[in-house]
Amino acid sequence: MSDVEVEDVLFADLDGLQVDEVELSEAAVTVTARACADEAACPACGTRSRRVHSCYQRRLADAAVGGRPVIVHLQVRRFRCPTASCPRATFVEQIDGLTFRYGRRSQRLRTVLQMVALMLAGRAGARLAAVLSAAVSRSTLLRLIHALPDPSAVTPRVLGVDDFALRKGHVYGTVLIDVETRRPIDLLPDRESATLACWLSEHPGVEIICRDRASGYAEGARLGAPDAVQVADRWHLFHNLTEAVDRYVTRHSTHLRTPEPTPSHAVSAAAELEKIAVAAKAERAAHRCADRTRDRHQEIHVLIEKGLTLREISRELGLARNTVRKFARAATAEELSAGKWQGRGSILDDYKPYLHQRWQEGCTSAKKLFEEIKAAGFSGGYSVVRDYLQPLRAGAEPADQARRPPSVRDVTGWITRHPDSLTQDETLRLKDILARCPELDATAEHVRAFAEMMNERAGHKLAAWIDSVKAGNLPELVSFVNGIGCDLRAVEAGLTLPFSSGAVEGQVNRIKMLKRQMFGRAGLALLRKRVLLAA
């Protein structure tokens, strides 16, 4: 292949370049070339010059060809600027599409590496660049992102606002999203109301602001865009309602267990022992830490009544001060065990009917039964089967259809989910629980009414729903109602308008992924450029 053909293939879109020699080797493709334009423009004043001051050779890395890197030995000239008042007496000519000032890579290779940096950043980008025969370090890729120009600012009509963690638990920022196009607009360095208000003041034209229920964002939106309509996010609204339902179900957790029928005289002693063993086992599984929590709660409150401070109690009991504070704030021990240690399933549940059947057939070897269910896919250990069969050897047989009581989380999910998404068994069990507890039945009715109002965008029904909740004796729901009363207009807009912060949540998850790829090297400026340019 001649040099002219190589020039046509490698540098077809370049003018002012003459290829003198091409050397092919196993390691690389080396191209010797020189600039051949008659004149060059001064980068300071723009005046074109033909007066050559000197020349020298530059070494550039170009995009790989056939899996081999391309090295360009380029001879360039330094020109004299003819303008006497120009601050530059001399300047070096640049070839459009190939060179740039102080660059040791071609513009084509730099563009490729910038795209790799935007997509993968850090170590992942460095690994891909090595595959492309353009080995660079992760720090170089991050510097390429830094060198990119800032994206142009756009003021959206519908703005989404949410926070994200730069350092979880310590440093947080704010992400702004165009809800209609689902593209990020800007990243703010904190989540203070003054910062959001300042941004809104500098970008007038926002008509609708979708946000969570944080008071800081509400105040910032009010100060920065007083004419904009604030919309409370529906996901956060229903999440807060679910938390209230969870607390209420916890308070009535005694109604979740099916009451045991009165035993008749015809029931054998073995069956009685079986019920006792199964009930004791279920109770231990449901509340394996409840006794310890109850004792510790009582002990801490006794010391508080004696006048001891939290610091003194912490030293006396050997507990962390935050732990003592948590127990001190809880009025009852049940509040501390809300949703914990309850309803844990067993890895053996799917194989229990088979074990019962084989036991009745006369197979009483735990080792043999373990080997049989192991061949069928059981992933547990031998001790699980041995311990489960132990009551049989003591004279009590485990119940064939023993069912654990539903946990607080299960019942909360049944109440807050759409009825059509429940299985027939879950529907029947929920109906049985609501029949035993009228308060939970009333709570379920209010939840269904709120969900229908939210799905139908019927925000005008909110006032009537609030009145009906306050009329009932449901403290947890009343607390939820009092909370949304402080942000009533935004809640009504959230239940009426079609806009929501779903796009914001997706971008927050994307920011977390992009930040993880940078391996802790992401300052806000670097992360901002990557988020906005890679969108």
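**Entry 1: starting point**

I am working with a predicted model. I began with the charged side chains. How many salt bridges are there? The count comes to 18.

**Entry 2: Arg48 and Glu39**

I looked up Arg48 first. Its side chain meets that of Glu39 in a salt bridge, at 2.9 Å from N to O. Arg48 has 47% relative accessibility, so I noted Arg48 as partly exposed. Glu39 has 26%, so Glu39 is also noted as partly exposed. I then asked which residues are linked in a network here. Glu39, Arg48 and Arg50 are linked by salt bridges.

**Entry 3: Arg211 and Asp487**

Next I went to Arg211. The side chains of Arg211 and Asp487 form a salt bridge, with 2.9 Å from N to O. Where do the two residues lie? Arg211 is in strand S11, residues 208-211. Asp487 is in the loop between helix H19 (475-485) and helix H20 (488-494). The pair therefore ties together parts that are 276 residues apart in sequence. Arg211 counts as buried because its relative accessibility is 1%. Asp487 is buried as well, with a relative accessible area of 16%. The cut-off I used for buried is under 20%.

**Entry 4: Arg436 and Asp432**

Arg436 pairs with Asp432, and the closest N and O atoms are 2.3 Å apart. Both residues belong to helix H16, residues 424-436. They are four residues apart, about one turn of the helix. I noted Arg436 as partly exposed, at 22% relative accessibility. Asp432 is partly exposed at 36%.

**Entry 5: helix H2**

I moved on to helix H2, residues 107-120. Which residues of H2 are buried? I listed Leu109, Leu113, Gln114, Val116, Ala117 and Leu118. Then I looked for what covers them. The cover includes strand S5 (52-65), helix H3 (122-131), helix H4 (138-147) and helix H22 (524-533). After H2 comes Ala121, and its phi is positive, near 55 degrees.

**Entry 6: strands around S6**

S5 and S6 run antiparallel and are joined by 11 bridges. Leu60 stands opposite Val72 in S6. The two strands form a hairpin with two residues between them. In the turn, Gly66 has a positive phi of about 60 degrees.

I then checked strand S2, residues 29-35. How many bridges join S2 to S6? I found six, and S2 and S6 run parallel. Val31 stands opposite Val72 in S6.

Last, I looked at strand S7, residues 90-92. S6 and S7 pair in the antiparallel sense over three bridges. The bridge partner of Phe79 in S7 is Phe91.

**Entry 7: recap**

Arg211 and Asp487 tie together parts that are 276 residues apart in sequence. S6 pairs with S2, with S5 and with S7.

Notes
Residues are numbered from 1 along each chain as its sequence is written. This is a predicted model: local features need pLDDT of at least 70, side-chain atom pairs count only at pLDDT 80 or more; totals for chains, interfaces and linings use all residues. Side-chain values use heavy atoms; hydrogens and water are left out. A salt bridge is a side-chain nitrogen of Lys or Arg within 4 Å of a carboxyl oxygen of Asp or Glu. Buried means under 20% relative accessible area, exposed over 50%, partly exposed in between (1.4 Å probe, protein chains only). The expected span of a helix is 1.5 Å times one less than its number of residues. Contact means heavy atoms within 4.5 Å. Two strands pair if DSSP finds at least two bridges between them.
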